[in-house]
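Colleague: I'm new to this one, so please walk me through it. I'll keep asking how you know things.

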Amino acid sequence: MSQELIHVYLMPGMAASPEIFEYIRLPKEQVRVHYLEWILPFENESLPAYAKRMKTFVKHKNVVLLGVSFGGVLVQEMSKYMKVRKLIIVSSIKSMSELPRHMLILKITKAYKLLPTQWASNIELFAKYAIGENVQKRLDLYKKYLSVNDPRYLKWAIREMVCWDQKSEIPHIVHIHGDNDAVFPIKYIKDCIVIKGGTHVMILNKYRWFNANLPRIILEDSE
């Protein structure tokens with residue numbers, strides 16, 4: 001096992017802040033952690049073009065890229081323009097074939113254009129219509145971890161997620177997925193490390209698993 005200092009760049013999910021990684025602990029003597037954040041897309045900017053811009057925030061060579069959900073899609077696009085030591089995605093997909101059927105329908109019908117992103121951009125407004133303790137708990141989480149509430153970003157992100165046209169998975173990618181993920185159901189996912197009871201936000205509530213296993217996954221040599 002190499003003793004060189006490995007630089008790990010963490011990319012949060014759609015509209016989320018790096019605070020979603022607040023419970024993740026990696027060995028400081030071997031790993032240096034860096035947090036990536038969403039920037040506003042240019043008008044009509046493609047995901048590959050956006051990935052090229054995001055690549056400029058990676059200041060080291062031969063890094064580990066880890067992305068959650070839509071952030072997992074983004075780091076895959078970034079890896080096409082840079083050499084990476086390892087590519088890890090969490091609660092995400094590796095190709096368009098892993099999209100759930102309702103998202104494929106959104107893509108085919110272009111109905112994603114009709115989604116009310118202005119609600120997602122105004123948490124307080126949404127909270128007025130929320131009923132029930134569980135919903136309120138989710139809203140509290142959203143308030144804490146949501147960092148981008150610009151409707152332009154949300155419209156772009158939903159479109160690029162649904163319309164991602166990756167046909168085959170990138171070789172040697174490490175995919176970590178929960179068997180209770182409601183956004184990207186496990187029945188559509190192939191070749192992944194399955195976390196029992198893991199939901200779409202398991203980076204937060206299954207952090208003990210990540211702290212126990214990520215160091216090994218990061219440090220082991222790729223095939």
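This is a predicted model: local features need pLDDT of at least 70, side-chain atom pairs count only at pLDDT 80 or more; totals for chains, interfaces and linings use all residues.

Colleague: What makes β4 and β5 a pair of strands?

Modeller: Strands are DSSP runs of E, at least two residues, numbered from the N terminus. Two of them pair if DSSP finds at least two bridges between them. β4 and β5 run parallel and are joined by 3 bridges, so they pass. β5 also has 3 bridges to β6 (residues 193–195), again parallel, and there Gly178 stands opposite Ile195.

Colleague: How do you know whether β5 is enclosed or open?

Modeller: Buried means under 20% relative accessible area (1.4 Å probe, protein chains only). In β5 (residues 174–178), 5 of the 5 residues are buried, so the strand is largely enclosed by the rest of the structure. Both faces are covered, with Val174, Ile176 and Gly178 on one side and His175 and His177 on the other.

Colleague: And what makes something a nonpolar core?

Modeller: That's a set of buried Ala, Val, Leu, Ile, Met, Phe, Trp, Tyr and Cys residues joined through side-chain atoms within 4.5 Å. The largest has 34 residues, and those touching the most other members include Trp38 and Tyr153. A second, separate core of 26 residues includes Leu10 and Leu204.

Methods: Residues are numbered from 1 along each chain as its sequence is written. Side-chain values use heavy atoms; hydrogens and water are left out. Buried means under 20% relative accessible area, exposed over 50%, partly exposed in between (1.4 Å probe, protein chains only). Helices (H or I, at least four residues) and strands (E, at least two) are DSSP runs, numbered from the N terminus.
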